[in-house]
Amino acid sequence: MENFLVYVLGLVLLNFPTDLVADVIVPSTNPLAVGSNVTLNVVPQSPINIGTWSHESTIILFVYPTGYSVTDIYQGRISFNRSSSELFIRSLQLNDSGQYILQGFEPSKKTAVTLIIQEPISNVTLRANTIDVVEQNDTVILTCSASSGSSPSYRWLNGSSLVRASDIVRLVDGNSTLILDNVTRYDKGPFKCEVFNGISNETSQPIYLNVRYGPTNLTMRIIPEMTTGHTAYRTGSDITLSCSAESVPPASYMWRFNGASLENPSPQLSLLNVTENQTGSYTCLAHNNVTLRFALLTRIIKVVEPISAVTLNHVGKLPILDQSFTLHCEVTGPVDRIYWLKNGQLISLNNKTLFYMDNNTMVINSIQFSDSGEYYCEAVNAANNLTSKAYQLVVNFGPERPAVTSLDISMTGHNVTFSCSASSQPPSQFSWFFNGSQVATGSVYEAGPLTLASQGEYTCVAFNNVTGRNSTASKTLTVVAPVTMTMIKVEGAQPILNKTFSLTCETTGTVFSIQWMRNGLLLHDDETTQFSTDNKTLTFNFVQHSDNGDYKCSAFNPFSNMTSPDYRLIINFGPEMAIIAGPALGETGHNMTFNCSASSQPPSQFSWFFNGSLVATGSVYEAGPLTLASQGEYTCVAFNNVTGRNSTASKTLTVVVPIISVAISTSGGQAVEGDSFTMTCNVIGQPVSIQWWKNSILVHLDNTTHISMDNRILTFNPLQQSDQGEYKCVTSNGVNNRTSNPYTLLVNYGPEQPIIVGVAIAQTKQRVTFNCSASSQPPSQFSWFFNGSLVATGSVYETGPLTLASQGEYTCVAFNNVTGRNSTASKTLTVVEAIKSLTVNQSTIPIASANLTLTCDAVGIYDTIYWTKNSLSLDLSNTLNTGIIISNNSLHFVPVKVSNDGIYQCVAINVFGPYPSPQYQLLVNYGPLSVNVSLQGPMRNGSEVTYTMQCYADSRPTTEYHWKFNNQSLPETGPSMVVVKSLKNAGIYTCVAINPVTKIEMSNTISLDVTGHSPAPPFLSRVCLMLILLALSHTL
């Protein structure tokens, strides 16, 4: 049948058209792992009536109008969908790689795709030809390999950096070998290689290189450091030279002085109490006894005797203005240079400042004031510099023209002091002359007690004993007598308003001027105030109130003055318009007081008249107790007995009856919202005004609040909650007012619609509390109903532990026993079953590369379940989590890997939040991955020499170890074995590592040669050697 189909296919191919439809084959995954499955999807989906699926040149299946036929080698491995032309292939192997072709003859189409099948990478190892290397000398070869895996690619890392090929880095053998030519100190690693293909990757254990290098970057530090500006050290100094270099292993050091070696194999050289003969070159040599390299560094040290003393003095005469002046600098010790400074600033050569004798002497020509200051000389050599003490240069000059200070005029009997000063350095000496005769020496001269004969010319003579110059100045003194008495007297009659009045100032002594003051302020001429020619008399024309005050007169001469005692001027006037103070309204039975006042000097006398009849004298009149007959006109008359004038005023008094009491009464029953309610203001007395107040605010009238015509009745219709408050009625008339006691209006209402506060959903075994509230006055009484049945009273209702039967409608009924009204509200409670337990269970013992399933078993109702790893939500997009599938409540590891190690939890969620399971720690068992055997020794133990063999295998859990000698099992177990050196113990030793969980067994061998030579050559090599010896024997 198959041969017949091939024949038919051949005929179809001979007649196959060339105009093909362009379709695309899209594999479900590519590349793919050995053993996996793949689906080849055709896009767009379309069926074929006649055609083939083939792999390279091998037919997989034939399609014909009534069905399809699979070739023998693909029986049981493929599935085909006729409606979409999709091909499904199971259990792929490496030889399944290649091109897959869909050939359609009816309709015409051809499309292809290439599949890559690969085996996963495993057991990656990294080896080095050596790890102990010398920088720039050695080459390191790192070789990376994997025990299994197809189409491997290689990537190298130095630490976290990707290694790339360069002039000194080579990647060969398909990048599996890394060659580092002329290694440097930066190539120490760690080096790792990553092997990967399209489906997997694995990284080796790291290798570190021990790179020996140096010495390089040799430095020398000298302590103490050279002082800024100096090039040598002082004799007697202690100097330390310290040498350091970058070197592995650390460098050894030697020292040379002027080429000769010093006995000091240390990185530090100490020079104590140095002398000038220790000046020279000091060389540090650093040597690495592994790299056999060295470095050297030389520094010059200079030692000089320091300067010990510097003094500065002047030569010749002292400095005098406009003359030359010389300073000399004396130095003890060797000197390179001398600097001159003034006030801390360096002095430079100019046309008036000259230097002589190697700068030891400085001459200033024509010295000026600007040359004053502090002068220093500073001596410098290579080791130190030293500055002299300051020389204070002060320029001597003068005296300039003297200045005489004293009074120009003074009183008899006084002393006068004359002071004389003249600009001079040093200060001048002074002499005094009066009218040409010497009277004193010194800068100050005091004359007195003065008489008129003391008047005349006083002359000061100033002399400078350094410059030899003098200068004079004079002053004239005038002597006069003082003022001894001043007093104010009155001329004529007493001062009366609008009449003329005069004051006179009497004095004793010499008076140059007189001044008048009122209340401490100086007086001047104006229209109403005039002074006599000598200012002795002050005249007021038409004296006014504004002229009242305290007056003084002061007499002056150039040396004295005197002021009179105060004279108090008070203007007599009035009385002005009389004024009566008192009420215009009075209560019967009370007293009434009137006060009369009138502006007057001296004060007026007062008389009182009632309806024209004299009733009292004095400024105050009290009438009462009042009756209605006390009503009438009250008149006050004021009289001044100095001015002879009088003035009158009148007041009319009205007498009324007062308000005695005020109270509020109500219409009867309790105030209920919506009903009519009335309040009445009851008054005893004769009110003129009645007002209603609520909460201290005047009552506002509206369409529900009304007041009667006389304001006594306040009506609410209908009564509202907003009418509640504290009410008062306030009454008043002309003499008094009264306010009722407050009446508190409390409006009874409600209950309003109740409000229930409580959860709408809860778990079984919980308790739920409902709170019911309703706006009401007085407060409501509450009843609770569950599904129509009374269960409790009070505003708060707490259920018992909930069951599913507790689900339903809870109703609160609020009742007001004053208003007789009630109101209800309901709340529906949903009860759900709580999550009781949550556990994670494993399907089998976790072993690397095998499948594992973790199942989350929950008791209770939940909405969803999710998984966490190490307290973080499990991220399947993370490359570490590839191969993990979540299905329903299970976590599938296909397969499980060591990278899946961690703490896992499943978390169930319902409306009450997350419920985490106890932690499950996943530790994946693996290995052994490799077995390494090492030999340590020989070691002497008493009379025996022994070797120790160490075996190590990477495995979880730790492997069990067994040993073989020349393929014969030994009784020894454990990772190490001690062998006594003997000929019978020479041979091949095998370490066998077995993982008790994974059951994987691996081994490795090591050869023991007790003679100290290499192990014996293999058997074939020994046979070849024997044949050569035999041939030689026959030749001989």
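Colleague: Is Y797 buried or exposed?

Modeller: Y797 has 15% relative accessibility, so it counts as buried. Buried means under 20% relative accessible area, with a 1.4 Å probe and protein chains only. Bear in mind that this is a predicted model: local features need pLDDT of at least 70, side-chain atom pairs count only at pLDDT 80 or more, and totals for chains, interfaces and linings use all residues. Residues are numbered from 1 along each chain as its sequence is written, and side-chain values use heavy atoms, with hydrogens and water left out.

Colleague: How many aromatic pairs are there?

Modeller: The structure holds 26. Rings of Phe, Tyr and Trp (its six-membered ring) pair if their centres lie within 6.5 Å; planes under 30 degrees apart count as stacked, over 60 as edge-to-face and the rest as tilted. Y797 and Y810 have ring centres 6.1 Å apart and planes at 35°, so this pair is tilted.

Colleague: Where do Y797 and Y810 sit?

Modeller: Y797 is in strand β78 (residues 796-798) and Y810 in strand β79 (residues 808-816). They are 13 residues apart, and the pair links distant parts of the chain. Strands are DSSP runs (E, at least two residues), numbered from the N terminus.

Colleague: And Y810, buried or exposed?

Modeller: Buried, because its relative accessibility is 3%.

Colleague: Which residues form an aromatic cluster?

Modeller: F418, W432, F434, Y445 and Y458 form one.

Colleague: New topic. What box do the C-alpha atoms fill?

Modeller: Roughly 185 × 130 × 80 Å, along the principal axes.

How values were computed
Helix = DSSP H or I, 4+ residues; strand = E, 2+ residues; numbered from the N terminus. Buried < 20%, exposed > 50% of the residue type's maximum accessible area, 1.4 Å probe, protein only.
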